[in-house]
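Please consult the sequence and the model shown here.

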Amino acid sequence: MIDDHVQAQYEAYPYPARNPQDETKRLRVVSPSQLFQVNHFAFGGRRDLKHSLRVLVAGGGTGDAAIMLGQQMTDAGVPGTVVHLDLSAESQNITRQRTEVRGLKNIEFVQGSLLDVGELGLDTFDYIDCCGVLHHLEDPLAGLHALMSVLAPDGGLGIMVYGELGRTGVYHLQDMLRTLAPVDEDPSDRVDTAKRLLQALPPTNWFVRNGQLTDHKGGGDAGIFDLLLHSQDRAYRVPELAELTNAAGLRITGLLPLADYDPARLLKSPALLESVRNMEQMERAAFGELLAGNIKKHIFYAVRADNPVVLPTPDDPAVIPVLLDMTPEDGASQIPPGGTVTRSRNGLQYSLSVPPLARAIVQRCDGQKSLSDIYDDILRVRSDLEWSNFKNQFDDFYDTMNAINRMVLQVPTP
């Protein structure tokens, strides 16, 4: 069941706030649901992108995921359709305008609840994006079951739900605002009350102390409403994610960015590292979440528990490295020829190593060259470079780039 207040909220304050004319300036690229990222984590990098791809964006809001996928599919020549499903007519109106500005022809619109998706006659989907929705449902598991009813047997999902630890302070304010700004009041009056409370918070308040909470600063009234006045809102820790997905008959193939959940990125003590080294994936991620304490959103991919798909590895010389959110030229200017790269995420900074060949490798990652092609190309200027040396360095580089969500792999199809 969808809370009536939730539907009314998104009609009054479509979220996130978007100006359709901004589409003339840039494409908003988000995770999950970047095209090649989807291929990597949902299809093991093995999907033939010449074949039609059916996508459902469930609870698509003002259209970030639908627009991104629709544009990336168009640019890559991937046939298929992106269905934008949302309860809010106003949110869909904004998404339509964004679609028209871009001239996209592969996005369709269906107004309705994801809980009813199995009854809408939409057939099945190869990939389903569901970001920022499940945590606003009275029964998130029912939402996952509804989505699985239209998921192809070999399909995958990209999901985002809130993280509990990184939102420390949010729920304290929500509790106060249920008293100060009851849900039955006029929405604009409730926003005004929230603004007054924000200005009155003492420096000891947990919301103030959590400097990573910024939605209310750059998101306008819609951002304030979504963060502090939502009528139905919960957050998760990693073990609860595992419990939810297991109950739905799903398994998680990747938490993004992988580095945020890896305690080895932060621990320096050999004794402590030894303790976490042999943990299984979700146990290690849960430990990493507790260690960092700053994860506001859990972004992950999942497939059916009986889906045997495995993530691609760089062991095959024919595999194609694909850069995310950067061009080879960007990479060449941002990545040193060996040493470390520094990453800042939600107030936490850490360094990751890159090998001496890092810059030479990234310059050649054009999304077309295979691993062996890149080696042959470098060999023209480094005739003494042995494959084993190159491969060891690429593995180290890939480990870093994949961990910070900057590189995935594509397995060539016949």
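Does K25 count as buried or exposed? At 67% relative accessibility, K25 counts as exposed; the term exposed means over 50% relative accessible area, buried under 20%, and partly exposed in between (1.4 Å probe, protein chains only).

The model is predicted: local features need pLDDT of at least 70, side-chain atom pairs count only at pLDDT 80 or more, and totals for chains, interfaces and linings use all residues. Residues are numbered from 1 along each chain as its sequence is written, and side-chain values use heavy atoms, with hydrogens and water left out.

**Sheet**

- An open sheet of seven strands with mixed pairing has the order β3-β2-β1-β4-β5-β7-β6; strands (E, at least two residues) and helices (H or I, at least four) are DSSP runs numbered from the N terminus, and two strands pair if DSSP finds at least two bridges between them.
- At the edges stand β3 (107-111) and β6, each with a single partner strand, so one side of each has no neighbour in the sheet.
- Neighbouring strands of this sheet are turned by 20° against each other on average, direction ignored; axes are lines fitted to C-alpha atoms, for helices over the stretch in contact, and angles run from 0 to 180 degrees between N-to-C directions.
- Helix α11 (residues 238-247) packs on the sheet, touching β5, β6 and β7, and its direction makes about 145° with that of β6; contact means heavy atoms within 4.5 Å.
- Strands β1 (residues 53-58) and β2 (residues 80-86) run parallel and are joined by six bridges, with L56 opposite V83 in β2.

**Strand β7**

- Seven of the eight residues of β7 (residues 297-304) are buried, so the strand is largely enclosed by the rest of the structure.
- With β5 (residues 151-162), β7 pairs in the antiparallel sense over seven bridges; A302 in β7 is the bridge partner of L157.
- With β6 (residues 250-256), β7 pairs in the antiparallel sense over six bridges, and Y301 in β7 stands opposite G254.

**Salt bridges**

- The count comes to 25 salt bridges, each a side-chain nitrogen of Lys or Arg within 4 Å of a carboxyl oxygen of Asp or Glu.
- K25 forms one with D22, the closest N and O atoms being 3.7 Å apart; D22 is partly exposed at 25%.
- D399 and R265 also meet in a salt bridge (3.7 Å, N to O).
- This pair links distant parts of the chain, 134 residues apart: D399 lies in helix α17 (residues 387-403) and R265 in the loop between β6 and α12.
- R265 counts as buried at 16% relative accessibility, whereas D399 is partly exposed at 44%.
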